[in-house]
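Reader: I would like to learn how to read pockets, cavities and salt bridges in a model like this one. Could we go through it together?

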Amino acid sequence: MRVLIVDDEKNIRVTLQQCLVEAGYETDVAVGGEHALEKAEHQTYDLILLDIKLPDLDGLEVLRRIKRRAPEQDVVMITAYGSVETAVQAMKVGAIDYLQKPFTPEEIRNVVSSVLGRRTITAEDADQSFRASIELAKACITRHRLDQAVPHLRRAMALDPESPEPFNLLGMVQELEGEVVEALKMYRAALAVDPTYQPAQDNLSRATNLNYVPPETSPCT
């Protein structure tokens, strides 16, 4: 498996490269947006790790150009702490996931492994496994097949009702479909299962601060 790392910070590139090479992946690097576009046009990668903040070209614009040329290209965004809103925008453009700085080698390997592993998951796998259902749902979300993601998430809830993850992901699906009130309910449901679940905390904070919900219909009231 071949991974392109796009980041202007040398220490980040070195950290990601060392971590992924140790895990058995082949890596390549780009130091900016234009450099990344040039490499992506002439070479094939199973996954691209793309920093949102680049000096020459905005990471979101790089993502748009990559997806325009190769819609099936998997891209994971790298974002700084506090940039979750931008990361969600990137997922709407087509990023498959995001990695938030600072990250550990284990987090890097887990994200890359789960993203690349989604390619081999079948519907039969998802029928029996909570994790397979979640990963298949994520793959559907990334491909903007939102209606197909819902049954996988419902199944995951049934397989493990104590996990907040499917509630949070269903909230994201509903938000992408414009059903913001229902999305907020799902984020809150995730936090009811686990009040410490950070992705739901981030999504709820972000969506609430965007003032999507009229006060009289807010689940807070």
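Author: Gladly. Let us begin with residue classes: Ala, Val, Leu, Ile, Met, Phe, Trp, Tyr, Cys and Pro count as nonpolar, Asp, Glu, Lys and Arg as charged, and the others, Gly among them, as polar. By these classes, the lining of the largest pocket has 15 nonpolar, eight polar and seven charged residues. Please keep in mind that this is a predicted model.

Reader: How much space lies in the largest pocket, and which residues are closest to its centre?

Author: The space in the largest pocket comes to about 850 Å³. Its lining counts 30 residues, and those closest to the centre are Asp97, Tyr98, Val111, Lys138 and Pro199.

Reader: Which element gives the most to the lining of the largest pocket?

Author: That is H7, with five residues. At least two residues each come from H4, strand S5 (97–100), helix H5 (105–117), helix H7 (130–142), H9 and helix H11 (198–209).

Reader: And what lines the second largest pocket?

Author: About 160 Å³ of space lies in that second pocket. Its lining residues include Asp74, Ile96, Arg118, Ile121, Cys140 and Gln148. H7 again has the largest share here, three residues. Sorted by class, the lining has six nonpolar, one polar and five charged residues.

Reader: How do I read a cavity, and how many of 30 Å³ or more does the structure hold?

Author: A cavity is a set of points where a 1.4 Å probe fits but cannot get out, whereas a pocket is an open set. The structure holds two cavities of 30 Å³ or more.

Reader: Which residues line the largest cavity?

Author: Its lining is made of Val88, Met91, Lys92, Ile141, Met172, Glu175, Leu176, Tyr187 and Arg206. Helix H4 (84–93) and H9 each supply at least two of the lining residues. By class, six are nonpolar, none is polar and three are charged. Around the second largest cavity you will find Met91, Ala95, Ile141, Thr142 and Leu176, that is, four nonpolar residues, one polar residue and no charged residues.

Reader: Glu175 and Arg206 are both in the lining of the largest cavity. What do Arg206 and Glu175 form with each other?

Author: For a salt bridge, look for a side-chain nitrogen of Lys or Arg within 4 Å of a carboxyl oxygen of Asp or Glu. Arg206 and Glu175 form one, with their closest N and O atoms 2.8 Å apart. Arg206 lies in helix H11 and Glu175 in helix H9, so this pair ties together parts 31 residues apart in sequence. Both partners are buried.

Reader: How many salt bridges does the structure hold?

Author: There are 14. Another is formed by Arg131 and Glu165, whose closest N and O atoms are 2.9 Å apart. This pair also links distant parts of the chain, with Arg131 in helix H7 and Glu165 in helix H9, 34 residues apart.

Reader: Are Arg131 and Glu165 buried or partly exposed?

Author: Buried means under 20% relative accessible area. Arg131 has 37% relative accessibility, so Arg131 counts as partly exposed. Glu165 has 12%, so Glu165 is buried. The backbone nitrogen of Glu165 also lies 3.3 Å from a polar side-chain atom of Ser163.

Reader: Where is Ser163 found?

Author: Ser163 sits in the loop between helix H8 (146–159) and helix H9 (165–176). With 11% relative accessibility, Ser163 counts as buried. Leaving aside neighbours within four places in sequence, Ser163 is in contact with Phe130 and Val193.

Reader: Last one: how should I read Glu26, and where is its place?

Author: Glu26 is in strand S2 (residues 26–30). Not counting residues up to four places away in sequence, Glu26 touches Met1, Arg2 and Val3. A polar contact of 3.2 Å joins the side chains of Glu26 and Arg2. Along the chain, Glu26 and Met1 are 25 residues apart, yet 6.1 Å separates their C-alpha atoms.

Terms used
Residues numbered from 1 in each chain as written. Predicted model: local features only at pLDDT ≥ 70, side-chain atom pairs only at ≥ 80, totals over all residues. Heavy atoms only, no water. Helix = DSSP H or I, 4+ residues; strand = E, 2+ residues; numbered from the N terminus. Contact = heavy atoms within 4.5 Å. Polar contact = N/O pair within 3.5 Å; in protein donor to acceptor, adjacent residues only side chain to side chain. Buried < 20%, exposed > 50% of the residue type's maximum accessible area, 1.4 Å probe, protein only. 1 Å grid on protein atoms, 1.4 Å probe; cavity = no way out; pocket = protein on both sides within 12 Å on 5 of 7 lines; lining within 4 Å. Points joined across faces, edges and corners; volume = space filled by probe spheres on them.
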